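Subject: Structure handover

Hi,

Here is the structure I promised to pass on. Please open it next to this message.

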Amino acid sequence: MSLTIDDFVQKEESTCSYGMDDYTTEAARWCKGCGGHGALGALQRMLRDNQVHPEEVVCVSGIGCSSRFPHYLRAYGFHTLHGRALPVSVGVSLARPELKLLTVMGDGDCFSIGGNHWLHTLRYNINSMVMVLDNEIYALTKKQVSPTSRIGTVSNTSPRGSYLEPLNPLSVALGISNISFIAQTASWLPGHMQATLEKAWKHKGLAFVRILQRCPVFMPNAFQGGSVDFPGKFLESPEGIPVDKGILRDAPVVAHDPRNINAAQAVAANSHMEKEPLGLIYYNPEVPTYSDIRYSKVATVDRKAKAKLLDDYLTRYSVES
Amino acid sequence: MKEPIQLKEHIVEIVSDAGEGAQKAGTTFAELCAKSGNGLWTVEIIPSEIQPPPHTVGSASGNRIRLSSRPVTNGGDLTNLVVAFNEMALLSRIQVGALAPDVIVIIDNMWATHADPQICKQYREVLDSLSTQGGQVWELPIDAACAKVTDDSAKGKNMFIVGMLSCLYNKDLEVAKSFVRGIFAKKPPAVIQKNMDLIEAGYVFGMNHFSQTFVVAPVKGLPEQVAMNGNTAIALGSIAAGYELCSMYPITPATSASHELAAFFEDFGGLVHQAEDEIAAVGVAIGSNWAGKPALTITSGPGMALKTEFLGLTVMTETPLVCVNVQRGGPSTGLPTKVEQGDLLNALFASPGDAPKVVMAPSSIEECYHIMPLARKISEEFRALVIVLSDANLATGRQLFARPKVVEDMLTTPLDLSPVEAGAKPFDWDLETGLSQRILPGRPNGMWVATGLNHNEAGKINYLAESNQKGMTMRSRKLAVLQSTLKAPEIFGEAEGDLLIVGWGSTRGAIWEAVERAQAEGLRVSAMNIQFISPLPPGIKAAFQKFKKVMTVELNYCDRMGDPYITEENRRYAQLAIILRANTLVDVDCWGMVPGRPLMPCEVHGVIRQEIQALKTKKGI
Amino acid sequence: MELQEIVESAWSAPLQALRNKVSIATQNVSDILTLEVLRTSGHHEAELERSLGSFAGASLDLGAVSKVFGKNAKKAALDSSTYSRVQALHQQLSVWNIDFESRIPSCKVIAISDLPGIEKQAVEHLNQMAECLKLIRMAWLERNSKYDPAVHDSYFADFNWEKLTNDEVGLCPPFVVMIKDQGDKNLFYSTLLPLVTSGLPVKVVLEKSAFYNTYQAFSRSTALRCSLEIEMLPVALKGVYVIQDTVARPQAIAHLQAGLISPRPGLFSILNDADSGRCDQAVLSRALPLFRYDPDKSEVFLKRFDLAENPDLKDVWASSTIEFLNAAGKKDLMQKKITFADFAATEAQYQSDFSDLPANQESRAIEISAYLELPYADRSGKLPFIFFRNSQNALVKKVPSMRIVAQTADKRHLWKSLCEVSGVNNPYLTELEKQLRTEAAKDKESALADLRNDLSSEIEALNQEAVQQAMAKLAGNLAGLSALELGQIAVAPQDKTNPFKMVSAPIASKIQAPVVNFDTPYIESKLCTACDECITIDPNIFAYDSNKQAFIKNAKGGPYKNLLKASKKCSAKIIHPGKEW
């Protein structure tokens, strides 16, 4: 793709040198062992490596453990309501398309109470990286079964084991029109996670990244405890995310074409049954963003012209007596 | 033909089956009257379904036009003249008690000889009962005459009726034709010609059939006027206020404001975002405002209920937001197309915890326009949630008012991305006023996180008692400060007397007209309209104390004394009355009803007479 | 549509985007100035009256409002030098904003004689465009409070088009000159070549309408003459963007657009004829081979040169089915190859070059496409002809003049050469393909042998691993670690599912685990998830590095048992506790 005038305008001439501290407000207050620490660290490293201005980053979150994310990231942030991060992100992206938007949610937040917003925002394809930190449990409210909990999960609302098969967020997302980016990574794979976030960050459109993580307190055994035995398989493709197996002992690498929606759907559909796919599952950078679509139709009018135009409009309602 | 009768005003209705064209005929005739200088208020008569079964009471659809020789502030009393396409449409108007006892009814006589004997029978019954009650019935071969001009009389009848009414009210035929030509300007010439023929035929029909005609003189000496409904006024007012985003979800009767915006907002650099639900609609508006692009959301009662949690977040994060609620009947789905003022307490109090906010109510269509820039300014300067309570009466009614002056300065403040001084805080409350500066994302050095959790001046989450107390105080203080800048509300009439009627919102026109009549009768009654309900304006308690009795008149439910089980202790008051009682400790009485239509001045007038009579009786004892 | 309009329409979308940016930039800068006024005086009563209107005045005491707002009114946010800089920028942008359309030159149609000296105009144009882009960029920096005089003043001071990157040049409305092709080859050598090789991104549109004779009327039938072919230009001038197309093809607009935004000089040869049938025939007959040469598309010449949109790409001549009336007067169809001669027969200027095939010559007659495939030696005595559909729609045989035959031969030769350079029928590739096929068969066999070898080395490796494990266990016992933990830390992660495949190299390099030196404790920091476990256990031993990943800052900062505990608790199992001291 050739350079757009927006790219040109936003190009930086100044040299800055941001370090990790420039993206850190305070020590994160998540439990030790929590995957949130890893996700935050990977994001901060990615921002540092790309020398992103902290004031141009906006991190919107919902409610839940993961949604404390913006408080620990030195950037602008909006810690919204349970399930409602995405509408606020849509508002920010419509208001200020030039800001670098990041939306962080948990599995209950995004897939359950925020399900409707999730589906529709995927369809809007707003320009935002959307991270879902999925630990298969409601943690902040103290251990209730979540939409992604495996069947049989013992929780405070399902003490005899949960009753339903989990929701497959990857398959659902792939069923939405205008989907442009889906990737999956895991919090115990720092290298892969950072590479995934980087790829997502550079995507123009909604980059949906599901980050698998365990909850050391309420769901320590999610995803085999995030251990060397985690059954993952890496998706490899030339424009995909570089394979970085990290600690994994038993993770095959398979060729996958992320531009092929049918291949992506096959990978997603099997994710729970065999091995969790890691890497870029679907990618279509050609899908236009919602703000690009909308603003291509919106006139540029300065204050004077606007006042004049409104006055002209009022004439339509005028009554000469 | 006799000399036309000169009238000060007349209320005329056109009713038909839904989709038969009475609405089009009504709006066209109303516009024509507006153009010819009459004071005007129109009310839509809308069935709840899109295509209800025809020739039934539930199918009645049309327009009610109050024509006057002076400026009009409300829909007025009972209807003086009805053009009915069939007897069931007419019956529906009789059933809701909309017609004056001496109403003139112009009705198509084809039903008298209809093939279905049942129809003939009910036609006759309806008309007979009307005549016995004093109504005049003009049975005329409208459809037959119309069919001579067009193949499809059902489609062409609307313009035929416009022609007929133009004759009846002595409007100039050529003016009428050129006006209608303007409406159809974009249609093919054949269509325009057909409509011209229909108008002319209707006019001639009137000349041949009407034994009596009327003249309602135009209003003289007003500045240039515009005619629009309240939702259009809100839409245009939003543009005047500098809004650039309207985030909404379809709901009656609010949606037409967004239709209006959707039609031309993009030309103004703005856009309408139809969100996936009511919750998202407000969330998008909050996100946009927080990021620095002024956005509003427009909804009705059920939508307000859904938005409640987000509205609390707005208050907590001190994100400016204007939320317009075009009220309709409730609870639940209630009366979706009909007027009620039932959302006042919801607007004031619905929220998790205490969420102080500004609540304002426009009392006319003109105010629907002007209130938007003010609401936007207050929301931004006070970093506050402003709820604007309009209603179905304003939304669908149409009024003439002075053409607003468009001022560039009324537009919103441009995006401020100037660097933030080191150490600046997002809630750097001025301890006296609670006001603080907004820090928009993108401003260098200003990084902060908005959160619905309690936070300190720096926006950091804080669970300490004094921090929570302080935050609550600061958010509440802003209302007191706003209150200190408000003027005491105008009193319509003498500043002291027997009775003070207090109203809010769209009922002002009817109340003031009723009060004016009562004053003319020598009754010591005055009226007050409350525009700011939160915070309440200063001086109302003092004003109340100058009257023997204060009562609210509202279009919402209240228990009536004398009804079974109702006592002083358990009586549920009308909503404004509850607020006024709580805030002034004055024993404010109330009169409210929920008929699903606007108040009529005659009803309020009746209440005034009754109350003053009661006061006198009481005094006598 | 005029060709000029077509060229301009190809650029209209980016031009509109630029126009919009100028408006927005002007607005942004004007907003900064408006803001400054509002900051300092927006709360004044008179200002409030204006901005709120009489309606608000009826409900609010604007004096009181002014006092409230004034209490915390901000002072001016901009220092005087910034303010005047923004003001100056606003002035410059306003001029652009009002004047934009007239400042963007339209596509220039010029006579050949005007070409010399055009470079100077081109440079002026480019610099003006660079100025426009510069102002837009400055406005954006000002809007975001990112204009730093220390950095930007000097950067923007002498900003001209040479400071633009290639991509950025593509954003400038192009400098286009349009010349009518008069068949004058001097034009190429004397004027166009210097222009397109000047290093300026000038776009030359060569408007073609006629096909000129390149041979004398009585040429020999063999094509010996050396003529300059625009199609072969990329071979000589590999840095020029070259297109040949016709206005009849809708794709041409997109190709032109791509060419116009290229930072390269461009030469666009466009056949312009309102008769789209003639355009189609010119393409079909190889009279006008379609091609695009994009110098930036690839490192590989073959990929830069794109011939793909021509009909029947793999054949020397394209085929077409023509409808005619046969001897019986009925409609009939015939599939035939369309040669340059077939095209020439329909061109007015070549009418005299065709004669009817005399009846007595039938025995020597041969279709021209077949004729040209014959070796020279076999051609003598043969008479090439074409099938020509006459005005009665009957097929007749026509004999072209020798110069037409020569030109047809020349076009055939050109087409074959083009195919070669674009890789369509490259003889070397064909040969290579054949070779590869034979080699592939051989490879299969050797691959099997390799697999067998791999298997034996794998067995070897497994043996070694067993020894290593035994050693580790021994060491572990000495260090007091259980066998279970050892399983997690001491065994080399290897892919067990596929015994033939070792761990891939990049990962192996990151994991230094098996080479355990149990004496010194260490953390595989790259794999740390920063989960805070070890840091919480003993902040005197563990700390985060500059990547916020844990390392052992002082192994002896705390008791050894803390090292062990952290190693056990570490969710990533990357802490190697070493030997107790």
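This is a predicted model: local features need pLDDT of at least 70, side-chain atom pairs count only at pLDDT 80 or more; totals for chains, interfaces and linings use all residues.

Residues are numbered from 1 along each chain as its sequence is written, chains are lettered from A and ligands numbered from 1 in the order in which they are written, and side-chain values use heavy atoms, with hydrogens and water left out.

**Chain A against chain B**

In this interface, 53 residues of chain A are in contact with 72 residues of chain B. Contact means heavy atoms within 4.5 Å. The two chains bury about 5600 Å² between them, and carbon and sulfur atoms give 62% of that. Buried area is the accessible area (1.4 Å probe) that two parts lose on being put together, summed over both. Tyr76(A), Arg303(A) and Tyr317(A) supply 14% of the area that chain A buries here, more than any other three residues.

There are 5 salt bridges between chain A and chain B. A salt bridge is a side-chain nitrogen of Lys or Arg within 4 Å of a carboxyl oxygen of Asp or Glu. Arg403(B) and Asp311(A) form one, at 3.4 Å from N to O. On the side of chain A that touches chain B, α11(A) gives the most, with 10 residues. Helices (H or I, at least four residues) and strands (E, at least two) are DSSP runs, numbered from the N terminus.

**Chain A against chain C**

Here 46 residues of chain A are in contact with 48 residues of chain C. The buried area is about 4100 Å², 57% of it on carbon and sulfur atoms. The salt bridge count is 5. In one of them, Glu533(C) meets Lys32(A) at 3.9 Å, N to O. Helices α1 (5–10) and α2 (35–49) of chain A each supply at least two residues of the side that touches chain C. The most comes from α2(A), with 6 residues.

Met228(B) sits in strand β9 (residues 225–229). Met228(B) is buried, at 1% relative accessible area. Buried means under 20%, exposed over 50%, partly exposed in between (1.4 Å probe, protein chains only). Not counting residues up to four places away in sequence, Met228(B) touches Leu314(A) and Tyr317(A), and its partners in chain B include Gly397(B) and Phe401(B). Met228(B) and Gly397(B) are 169 residues apart in sequence but 8.0 Å apart in space, C-alpha to C-alpha.

Lys177(B) is in helix α6 (residues 173–183). Lys177(B) is also buried, with a relative accessible area of 11%. Beyond four places in sequence, Lys177(B) touches Met196(B), Ile199(B) and Glu200(B).

**Chain C**

Chain C has 22 helices and 17 strands. Of its 581 residues, 47% are buried.

Arg403(C) and Asp353(C) form a salt bridge, with the closest N and O atoms 2.7 Å apart. Arg403(C) is in helix α17 (residues 402–422), Asp353(C) in the loop between α14 (340–344) and β10 (354–356), 50 residues apart. Arg403(C) counts as buried at 13%, and Asp353(C) is buried at 7%.

Lys397(C) and Glu362(C) also meet in a salt bridge, at 3.2 Å from N to O. Lys397(C) is in strand β13 (residues 395–400) and Glu362(C) in the loop between β10 and β11 (365–367), so the pair ties together parts 35 residues apart in sequence. Both are partly exposed: Lys397(C) at 27%, Glu362(C) at 40%.

A network of salt bridges links Asp245(C), Arg249(C), Arg292(C), Lys297(C), Asp306(C) and Glu309(C).

Over all chains, the salt bridge count comes to 77.

Best wishes
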